[in-house]
Amino acid sequence: MTILKSTSLFVLAAIAEIGGAWLVWQSVKEAKPWWWAGLGIVALGIYGFVASFQPDAHFGRVLAAYGGVFIAGSLAWGMLLDGFRPDRWDIIGAMICLLGVAVIMFAPRAGN
């Protein structure tokens with residue numbers, strides 16, 4: 001259950017953070033209305049709260065692992081919303097990052 005909860009929270013955090021950053025980007029770089037940036041700022045704030053609900057109590061571990069989720073999620077977001085087509089190196093890199101997430105978050109540890 002912990003793996004499912006943690007994975008779900010990582011996905012929600014990625015949607016909030018990447019979505020928030022994308023909204024700000026659209027406002028600044030793509031001439032979308034200013035309120036898109038405002039929505040992006042709200043989404044980025046939501047990301048901070050979602051990340052804090054991770055079952056692991058160690059901030060550094062959670063944020064380090066989330067970095068891998070952010071990398072893979074950013075590529076997926078670009079594919080879905082911006083027409084980005086990753087090459088094989090993007091995909092291999094994202095897979096390596098997600099493997100790192102699994103090791104950091106779910107490896108057996110003494111005392112756990």
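This is a predicted model: local features need pLDDT of at least 70, side-chain atom pairs count only at pLDDT 80 or more; totals for chains, interfaces and linings use all residues.
Reader: Why is Ala 31 called exposed?

Author: The relative accessible area of Ala 31 is 70%. Exposed means over 50%, buried under 20%, and partly exposed in between, with a 1.4 Å probe and protein chains only. Ala 31 is therefore exposed. Ala 31 is placed in the loop between H1 and H2 (helices are DSSP runs of H or I with at least four residues, numbered from the N terminus).

Reader: What makes the phi of Ala 31 worth a remark?

Author: Its phi is near 60°, a positive value in a residue other than glycine. Most residues other than glycine have a negative phi.

Reader: What makes a set of residues a nonpolar core, and which have the most contacts inside the largest one?

Author: A nonpolar core is a set of buried Ala, Val, Leu, Ile, Met, Phe, Trp, Tyr and Cys residues joined through side-chain atoms within 4.5 Å. The largest such core has 19 residues, and Phe 10, Tyr 47, Tyr 66, Val 69, Val 101 and Met 105 have the most contacts inside it. Helices H1 (2-29), H2 (34-52), H3 (59-82) and H4 (88-106) each supply at least two of its residues. The largest share, eight residues, comes from H1.

Reader: Which residues does Phe 10 touch?

Author: Contact means heavy atoms within 4.5 Å. Leaving aside residues up to four places away in sequence, Phe 10 touches Gln 54, Val 62, Ala 65, Tyr 66, Val 69, Val 101 and Met 105.

Reader: How many residues of each class line the largest pocket?

Author: The lining has 13 nonpolar, two polar and no charged residues. Here Ala, Val, Leu, Ile, Met, Phe, Trp, Tyr, Cys and Pro count as nonpolar, Asp, Glu, Lys and Arg as charged, and the others, Gly among them, as polar. Of the 15 lining residues, Phe 10, Val 11, Ala 14, Val 69 and Gly 73 lie nearest the pocket's centre. A pocket is an open set of points on a 1 Å grid over the protein atoms alone, where a 1.4 Å probe fits, with protein on both sides within 12 Å along at least five of seven lines; lining residues have an atom within 4 Å of a point.

Note on methods. Residues are numbered from 1 along each chain as its sequence is written. Side-chain values use heavy atoms; hydrogens and water are left out.
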